[in-house]
Amino acid sequence: MVRSRKDLAVFLSKLTTFPKPNQQLEQYSTDSEAAAKLLWQAYLSNNITDKYVIDLGAGTGILGIGALLLGAAHVEFIEIDATVYTTLKENLAILEANWELEIAGKWTFTNNNVSTCGKTLREDAVVVMNPPFGTQMKHADKTFLTAATKMAPIIYTMHKTSTRNFVQAFTADHKLIITWQEDVLFPLKNTLGHHKKRLERIQVTLFGLEQTE
Ligand code: SAH
């Protein structure tokens, strides 16, 4: 079993990232430190172990795979781009090999759009996500938040810090409270063509959200 947030971050940094990032879908890999912070916070708040975790816009699976390592009962990966499935499966194999974990039957991959996949609310569900920040697809962050609120009473998410006001307004409108937030510097490797600098750091805020009724 993983013993510390640092152990978790070291393991997550070993996972494979997008082989061919799709710029339109804002496919960039979550920094392993930020992913570990978000997951560890959820774990300490009893929102991972034995939960039904939904990884929205799962990409190559870093968040859901971390959740499996922390004892999630089941992880559902939902992703619009079927081409990432091969890498996600490779990463699940890395998880099994590193921790001698038996994960057969504990995960599912759903190739679908988060806003039309038609899932209904589960009381034991927790969403973890690093949604597109909405820089390519306008309002993609709102699409993801809206979808998440329909699926789970508890959501862990990350957004550009410059959009904090939008997240606050969204939570107020949707009867959610912010239970936790932490600012991090998020290194974006130059994998998407339009990033000019080789390594750009952007301000990102991690949020824990909870439905109040
Ligand atoms: N969760 C991954 C990837 C984050 S990038 C990680 O943390 O590394 C955002 C992901 O959302 C991409 O994989 C992109 O293909 C996916 N995505 C974008 N729009 C989507 C939609 N409408 N429905 C489902 N997935 C979507």
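User: Which residue just after α3 takes a positive phi? Please go on from there to the ligand and what surrounds the ligand.

Analyst: This is a predicted model, in which local features need pLDDT of at least 70, side-chain atom pairs count only at pLDDT 80 or more, and totals for chains, interfaces and linings use all residues. Residues are numbered from 1 along each chain as its sequence is written, and side-chain values use heavy atoms, with hydrogens and water left out.

The residue is G71, with a phi of about 95° just after α3. Helix α3 spans residues 62–69; helices are DSSP runs of H or I with at least four residues, numbered from the N terminus. Eight of its eight residues are buried, meaning under 20% relative accessible area with a 1.4 Å probe and protein chains only. Among them are I62, G64 and L69.

The ligand is surrounded by 20 residues, counted when a heavy atom lies within 4 Å. The closest are T30, G57, E79, N113 and V114. By class, this shell has ten nonpolar, eight polar and two charged residues, where Ala, Val, Leu, Ile, Met, Phe, Trp, Tyr, Cys and Pro count as nonpolar, Asp, Glu, Lys and Arg as charged, and the others, Gly among them, as polar.

N113 also has a side-chain N or O atom 2.9 Å from a ligand nitrogen. For Q27, the distance from a side-chain N or O atom to a ligand oxygen is 3.0 Å. Of the 570 Å² of accessible area that the ligand has on its own, the protein covers 97%, by the Shrake-Rupley method with a 1.4 Å probe.

Technical notes:
Buried means under 20% relative accessible area, exposed over 50%, partly exposed in between (1.4 Å probe, protein chains only). Helices (H or I, at least four residues) and strands (E, at least two) are DSSP runs, numbered from the N terminus. A polar contact is a pair of N or O atoms within 3.5 Å; within protein, one must be able to donate a hydrogen and the other to accept it, and residues adjacent in sequence count only if both atoms are side-chain atoms.
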